[in-house]
Amino acid sequence: MDKRRDWTDGHVERWLPVLPGLDPEIEGAVTRMNKLSVHLRRVRERSLADFALDRPEFDTLHKLAGRGGAATPSQLAADLDIAPASVTGRLDGLERRGLVHRTPSKTDRRRVDVELTAEGRQVWLGAMDVLSHEEDRLLGVLSPAERTRLNDMLRRIMVAAETSGDAG
């Protein structure tokens, strides 16, 4: 068991006298998950800035890549949980930058197909690579068996959160 201290240890120690009923293990785990989430969000934001992307643009490229590099605007709107008009605005900017290409559908003249360009794929992969390296660095302190256990425990916690309907 690693007994090195982190910021959260001091945080828990400060709050125990103030909240005597505080469970230090729960407070420690939740605080660490929150701080890790903030850390990874900051890494992602720096990565996006390096690739001159904002979060909505990256999310759009990410969803498009997740569909094999091609989708309709309505599919992207559903994936992103936003209005179709919002997707159109995002696609306009991404197309001007050469990251996506829109073409009329071959099967339905009323529809447009959106494709990730080679440059769009490279930009998306570059931004993903920075975050992936940091995730690997952080979780690399655990053995493969520990990563599996951590993943299983977090899954159980997420199932409990999703049961309330608020953590979808």
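In which helix of the chain is confidence lowest, and in which is it highest? This is a predicted model, and confidence is given as pLDDT. Helix H5, residues 84-96, has the lowest confidence, at a mean of 93. Helix H3, residues 55-66, has the highest, at 96. The mean pLDDT of the chain is 93. Of its residues, 97% reach 70 or more.

Turn next to the sheet. Strands of a sheet pair through backbone hydrogen bonds, in either a parallel or an antiparallel way. Here 3 strands form an open sheet, and the pairing is antiparallel. The order is S1-S3-S2. Strand S1 (70-71) and strand S2 (100-104) stand at the edges. Each has a single partner strand, so one side of each is left without a neighbour in the sheet.

S1 and strand S3 (residues 112-116) run antiparallel and are joined by 2 bridges. Ala-71 stands opposite Val-114 in S3.

Helix H5 comes back into view here. H5 lies across S2 and S3. Its direction is at about 115° to S2.

The last stop is the aromatic side chains. How many aromatic pairs does the structure hold? The count is 0. Trp-7 does have charged residues over its ring face, among them Lys-35. Lys-35 lies at 4.2 Å from the ring centre. Arg-14 also lies over the face of Trp-7, at 5.8 Å from the ring centre. Both values fall within the 6 Å cut-off for a charge over a ring.

Note on methods: Residues are numbered from 1 along each chain as its sequence is written. This is a predicted model: local features need pLDDT of at least 70, side-chain atom pairs count only at pLDDT 80 or more; totals for chains, interfaces and linings use all residues. Side-chain values use heavy atoms; hydrogens and water are left out. pLDDT is the predictor's confidence in each residue, from 0 to 100. Helices (H or I, at least four residues) and strands (E, at least two) are DSSP runs, numbered from the N terminus. Two strands pair if DSSP finds at least two bridges between them. Contact means heavy atoms within 4.5 Å. Axes are lines fitted to C-alpha atoms, for helices over the stretch in contact, and angles run from 0 to 180 degrees between N-to-C directions. Rings of Phe, Tyr and Trp (its six-membered ring) pair if their centres lie within 6.5 Å; planes under 30 degrees apart count as stacked, over 60 as edge-to-face and the rest as tilted. A charge sits over a ring if NZ of Lys or CZ of Arg is within 6 Å of the ring centre and within 35 degrees of the ring normal.
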